[in-house]
Amino acid sequence: MRTIKMTTGATLDFDGDLMTLMESLYQEISAKHELQSSFEDMAREIAHVIEQMDDAERRQYLSESLFLNIVSYENERLGAYVKKLTKK
C-alpha cells in the first residue's frame, strides 16, 4: 500500500477502498471548512489525487466508483418506484 499527500498536507493510504478515499476528501475539503468549500475546491482536490495515481490505481478506483454509483442509482430508482406504488 502506498501513501499520497493531499493539498491540505494530510496523507491518504491507497488501499483500494473507495470509501476511505471519499471519507478523506470529505474530511479534508468539506468538514475542515465547515461545509463552506465549493464544487471547484473538491474538483481540484480530486484532480490532485488522480494525478498521483498510476494507471492501475485509476482503473481500480474508477471501477469501484462506477459500481457504487450504479448501486446508488438503482436504489434511487427503486425508491421512486416504491413511492409511486404506495401513493396509489
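Reader: Where is the place of Leu66?

Author: In this predicted model, Leu66 has its place in helix 3.

Reader: And is Leu66 buried or exposed?

Author: Leu66 counts as exposed, because its relative accessibility is 53% and the cut-off for that class is over 50%.

Reader: How far is Leu66 from Glu76, C-alpha to C-alpha?

Author: The C-alpha atoms of Leu66 and Glu76 are separated by 15 Å, with the two residues standing 10 residues apart along the chain.

Reader: Changing topic, how many aromatic pairs does a search of the whole structure find?

Author: Searching the whole structure gives 1 aromatic pair. It is formed by Phe14 and Tyr61, whose ring centres are 5.3 Å apart and whose planes are at 50 degrees, so the pair is classed as tilted.

Reader: Which parts of the chain does that pair link?

Author: The pair links distant parts of the chain, since Phe14 belongs to strand 2 (residues 11-14) while Tyr61 belongs to helix 3 (residues 55-87), and the two are 47 residues apart.

Reader: In what sense do strand 1 and strand 2 pair, and over how many bridges?

Author: Strand 1 (residues 2-5) and strand 2 pair in the antiparallel sense, over 4 bridges, and within this pairing Lys5 stands opposite Thr11 in strand 2.

Reader: What do strand 1 and strand 2 form, and how many residues are between them?

Author: The two strands form a hairpin with 5 residues between them, and in the turn Gly9 has a positive phi of about 95 degrees.

Reader: OK, on to the serines: where is Ser24 found, and what does it touch?

Author: Ser24 is found in helix 1, and, if residues up to four places away in sequence are not counted, Ser24 touches Met6 and Leu12. Ser24 is classed as buried because its relative accessible area is 17%, and the cut-off for buried is under 20%.

Reader: What about Ser30, is that one buried or exposed?

Author: Ser30 has its place in helix 1 and is buried, with a relative accessible area of 11%. Leaving aside neighbours within four places in sequence, Ser30 is in contact with Leu25, Leu35, Gln36, Ser37 and Met42.

Reader: Which backbone atom does the side chain of Ser37 reach?

Author: The side chain of Ser37 reaches the backbone oxygen of Ile29, at 3.2 Å.

Reader: Next loop along, then: where does Asp54 lie, and what does its side chain reach?

Author: Asp54 lies in the loop between helix 2 and helix 3, and its side chain reaches the backbone nitrogen of Glu57 at 2.8 Å. A polar atom of that Asp54 side chain also lies 3.1 Å from the backbone nitrogen of Ala56. Asp54 counts as partly exposed, at 39% relative accessibility.

Reader: Last topic, what volume does the largest pocket have, and which residues lie nearest its centre?

Author: The largest pocket has a volume of about 280 Å³ and is lined by 14 residues, of which Leu18, Leu21, Ile50, Tyr61 and Ser65 lie nearest the centre.

Reader: Where does the largest share of that lining come from?

Author: Helix 3 supplies the largest share of the lining, 6 residues, while helix 1, helix 2 and helix 3 each supply at least two.

Definitions and conventions:
Residues are numbered from 1 along each chain as its sequence is written. This is a predicted model: local features need pLDDT of at least 70, side-chain atom pairs count only at pLDDT 80 or more; totals for chains, interfaces and linings use all residues. Side-chain values use heavy atoms; hydrogens and water are left out. A polar contact is a pair of N or O atoms within 3.5 Å; within protein, one must be able to donate a hydrogen and the other to accept it, and residues adjacent in sequence count only if both atoms are side-chain atoms. Rings of Phe, Tyr and Trp (its six-membered ring) pair if their centres lie within 6.5 Å; planes under 30 degrees apart count as stacked, over 60 as edge-to-face and the rest as tilted. Two strands pair if DSSP finds at least two bridges between them. Buried means under 20% relative accessible area, exposed over 50%, partly exposed in between (1.4 Å probe, protein chains only). Contact means heavy atoms within 4.5 Å. On a 1 Å grid over the protein atoms alone, a cavity is a set of points where a 1.4 Å probe fits but cannot get out, and a pocket is an open set with protein on both sides within 12 Å along at least five of seven lines; lining residues have an atom within 4 Å of a point. Grid points are joined across faces, edges and corners, and a volume is the space filled by probe spheres set on the points.
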